[in-house]
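Dear colleague,

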Amino acid sequence: MTETSTTPIPATAPKRARDRIFAAADELFYRQGIRAVGVDAIAKEAGVAKISLYRAFPSKDDLVVAYLEDRNADYWRRWDRAFEKHEDDPRAQLRAMMEYLADRTTAPGYRGCPFTNDATEFPDPNHPGRRVAEANKRELRQRLLRLAEALGAPDPKALADGLVLLVEGAYAISQTLPGRDGPGRAIAWAAEALVEAQLERDRSA
């Protein structure tokens, strides 16, 4: 038997420059804010030359859009996982989503909703990042409307919009009264109360 020498395969392959750049931007944008973070800081954090960053992302706006689109995809993956566990039970689906948000928005170090943050930083409706943020909120409103209809609410649009306001309120209050003892924990209870108020209207009509 003859032996052949082979080059050992690393247990973990090194990340490509583009992946390192994206990971650095994702962390810095979320923790420090998009406007506060320049391309020099991202390149330094990623350990690449600035020219490598521009090869991967022609402009900072392109990187912002990639960051928000990735966060958006992850947001809906989490939503779908929470809902799949309670198929055909809209009340349980709503509870699961609101309990997740209660836990998420009161977690240590939580920096708020990236889409709300982006919309605050970029008031121009034509900014490409803001368009991603607005699309996320429109989708949230539509999904909650479908959920309100499945719950049999007599005024599903009003219930859906009330739930949107609860979600946005939890995101906002997380930055001024944060933590497990903050009011964000009440979102699941408040959502249940809104649903009950709507269904009680229907029962007493």
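**Findings**

Tyr75 and Trp76 are both buried. This should be read with the origin of the coordinates in mind, as the model is a predicted one.

The two residues also form an aromatic pair. A pair of aromatic rings is described by the distance of the centres and the angle of the planes. The count of aromatic pairs comes to 5. For Tyr75 and Trp76, the ring centres are 4.7 Å apart and the planes stand at 85°; since an angle over 60 degrees counts as edge-to-face, the pair is placed in that class. Tyr75 and Trp76 also belong to a cluster linked by ring pairs, together with Trp79, Phe83 and Phe115.

The space in the largest pocket is about 200 Å³. By class, its lining comprises 9 nonpolar, 1 polar and 4 charged residues. Arg71 has a further contact to report: its charged end sits over the ring of Tyr30, at 4.5 Å from the ring centre.

What does the model hold in the way of cavities of 30 Å³ or more? There is 1 such cavity, and the largest cavity has about 30 Å³ of space. Its lining consists of Thr105, Thr106, Ala170, Ile173, Ser174, Leu177, Pro178, Gly179, Gly182, Pro183 and Gly184. These residues divide into 5 nonpolar and 6 polar, with no charged residue.

Val39, Ile42, Ala43 and Ala46 are buried. Viewed down the axis of α2, the buried residues fall within an arc of 95°, and therefore they line one face of the helix. Asp40, Lys44 and Glu45, on the other side of α2, are exposed.

Three loop residues complete the account.

- Asp88 is located in the loop between α4 and α5. Most residues other than glycine have a negative phi. Asp88, although not a glycine, has a positive phi of about 70°. Its relative accessibility is 73%, and because exposed means over 50%, Asp88 counts as exposed.
- Arg111 is placed in the loop between α5 and α6. With a relative accessible area of 28%, Arg111 is partly exposed. Arg111 and Leu147 are 36 residues apart along the chain, and 27 Å separates their C-alpha atoms.
- Leu151 lies in the loop between α7 (128-150) and α8 (156-173). Is Leu151 buried or exposed? At 14% relative accessibility, Leu151 counts as buried, because the cut-off is under 20%. Between Leu151 and Gly169 there are 18 residues in sequence and 22 Å in space, taken from C-alpha to C-alpha.

With kind regards

Terms used: Residues are numbered from 1 along each chain as its sequence is written. This is a predicted model: local features need pLDDT of at least 70, side-chain atom pairs count only at pLDDT 80 or more; totals for chains, interfaces and linings use all residues. Side-chain values use heavy atoms; hydrogens and water are left out. On a 1 Å grid over the protein atoms alone, a cavity is a set of points where a 1.4 Å probe fits but cannot get out, and a pocket is an open set with protein on both sides within 12 Å along at least five of seven lines; lining residues have an atom within 4 Å of a point. Grid points are joined across faces, edges and corners, and a volume is the space filled by probe spheres set on the points. Ala, Val, Leu, Ile, Met, Phe, Trp, Tyr, Cys and Pro count as nonpolar, Asp, Glu, Lys and Arg as charged, and the others, Gly among them, as polar. Rings of Phe, Tyr and Trp (its six-membered ring) pair if their centres lie within 6.5 Å; planes under 30 degrees apart count as stacked, over 60 as edge-to-face and the rest as tilted. Buried means under 20% relative accessible area, exposed over 50%, partly exposed in between (1.4 Å probe, protein chains only). A charge sits over a ring if NZ of Lys or CZ of Arg is within 6 Å of the ring centre and within 35 degrees of the ring normal. Helices (H or I, at least four residues) and strands (E, at least two) are DSSP runs, numbered from the N terminus. The arc is that of the directions from the helix axis to the C-beta atoms.
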